[in-house]
Amino acid sequence: MEGCLACDLYEGRIDLPGGIIQDTGRWVVEHCVGPLGVGTLIVKPRRHVVHVSDLEDDEAAELGPVLQRAAAVVGELTRPDQVYVCLWSHRGGRPVHIHFLVQPVTRALMDEVGEFGPYLQTAMFDRAVDPPRAEVEDFAERARLAW
């Protein structure tokens, strides 16, 4: 769907640093664009879906294994204290293409930002410091190999 950030990234209408890491045919994994740090992945349905309840049976069956593998890859490559996995699906206060955020979190990151949990992510958005493109591209390549 043109005009949907998730779809536009997947379809190449918007530049995606690091490119697609994994495409199962139903789910796409890519590095997060924005200020949530190197190693933060997005897992999203390839098809434009706005509600989890709208997933088709085969998409729903594949979701758990894809999220688990994404979290494992993030854990292997970053060695965090925790890997956050959460659903994001709003833009401008309206539901949009669902996407699951898979984010490595370390004690050092929490200390640097001064928050944890959803407050950590909010604070990172408020700081608006995007990771260096070269680091994102390097991580994406390593993630493809680890997948």
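Where in the chain is Arg79 found? Arg79 is placed in the loop between H2 and S4, in a predicted model for which local features require pLDDT of at least 70, side-chain atom pairs count only at pLDDT 80 or more, and totals for chains, interfaces and linings use all residues. Residues are numbered from 1 along each chain as its sequence is written, and side-chain values use heavy atoms, with hydrogens and water left out. Helices (H or I, at least four residues) and strands (E, at least two) are DSSP runs numbered from the N terminus.

Two residues were examined for their backbone angles. Most residues other than glycine have a negative phi. Arg79, although not a glycine, has a positive phi of about 50°. Its relative accessibility is 66%, so Arg79 counts as exposed (buried means under 20% relative accessible area, exposed over 50%, and partly exposed in between, with a 1.4 Å probe and protein chains only). Ala128 is likewise not a glycine and has a positive phi, of about 55°. Ala128 is situated in the loop between helix H4 (117-127) and helix H5 (133-146), and it counts as exposed because its relative accessibility is 54%.

Salt bridges were then considered, each defined as a side-chain nitrogen of Lys or Arg within 4 Å of a carboxyl oxygen of Asp or Glu. The count by this rule is 14 salt bridges. One of them joins the side chains of Glu62 and Arg26, at 3.2 Å from N to O. This pair links distant parts of the chain, with Glu62 in helix H2 and Arg26 in the loop between strand S1 (20-23) and S2, 36 residues apart. Glu62 has a relative accessible area of 17% and is therefore buried, whereas Arg26, with a relative accessible area of 31%, is partly exposed.

When neighbours within four places in sequence are left aside, Glu59 is in contact with Arg26, Trp27 and Arg47, contact meaning heavy atoms within 4.5 Å. Glu59 counts as buried because its relative accessibility is 4%.

A further salt bridge is formed by the side chains of Arg69 and Glu76, with an N to O distance of 3.3 Å. Arg69, at 23% relative accessibility, counts as partly exposed, and Glu76 is partly exposed with a relative accessible area of 37%.

In helix H5, Arg133 and Glu137 lie 4 residues apart, about one turn of the helix. Arg133 forms a salt bridge with Glu137, and the closest N and O atoms are 2.7 Å apart. Both count as partly exposed, Arg133 at 40% relative accessibility and Glu137 at 32%. Asp15 is linked with Arg133 and Glu137 in a network of salt bridges.

The largest pocket has a volume of about 560 Å³. Pockets were identified on a 1 Å grid over the protein atoms alone, as open sets of points where a 1.4 Å probe fits, with protein on both sides within 12 Å along at least five of seven lines; lining residues have an atom within 4 Å of a point. Grid points are joined across faces, edges and corners, and the volume is the space filled by probe spheres set on the points. The lining of the largest pocket comprises 27 residues, of which Leu5, Ala6, Arg91, Val96 and His99 lie nearest its centre. At least two lining residues are supplied by each of H1, strand S2 (27-31), strand S3 (41-45), strand S4 (82-91) and strand S5 (94-105). The most are given by S5, with 6 residues.

Leu5 belongs to helix H1 (residues 5-11) and, at 32% relative accessibility, counts as partly exposed. Together with Ile14 and Val33, Leu5 forms a nonpolar surface patch with about 190 Å² of accessible area. Patches are made of residues with over 30% relative accessible area and no salt bridge, like charges being joined within 9 Å and nonpolar side chains (Val, Leu, Ile, Met, Phe, Trp, Tyr) within 5 Å. Accessible areas come from the Shrake-Rupley method with a 1.4 Å probe, and for residues only the protein chains shown count as cover.

Val52 lies in the loop between S3 and H2 and is partly exposed, with a relative accessible area of 38%. Leaving aside neighbours within four places in sequence, Val52 is in contact with Leu87, Ile98 and Phe100. Val52 and Cys86 are 34 residues apart in sequence and 12 Å apart in space, C-alpha to C-alpha.
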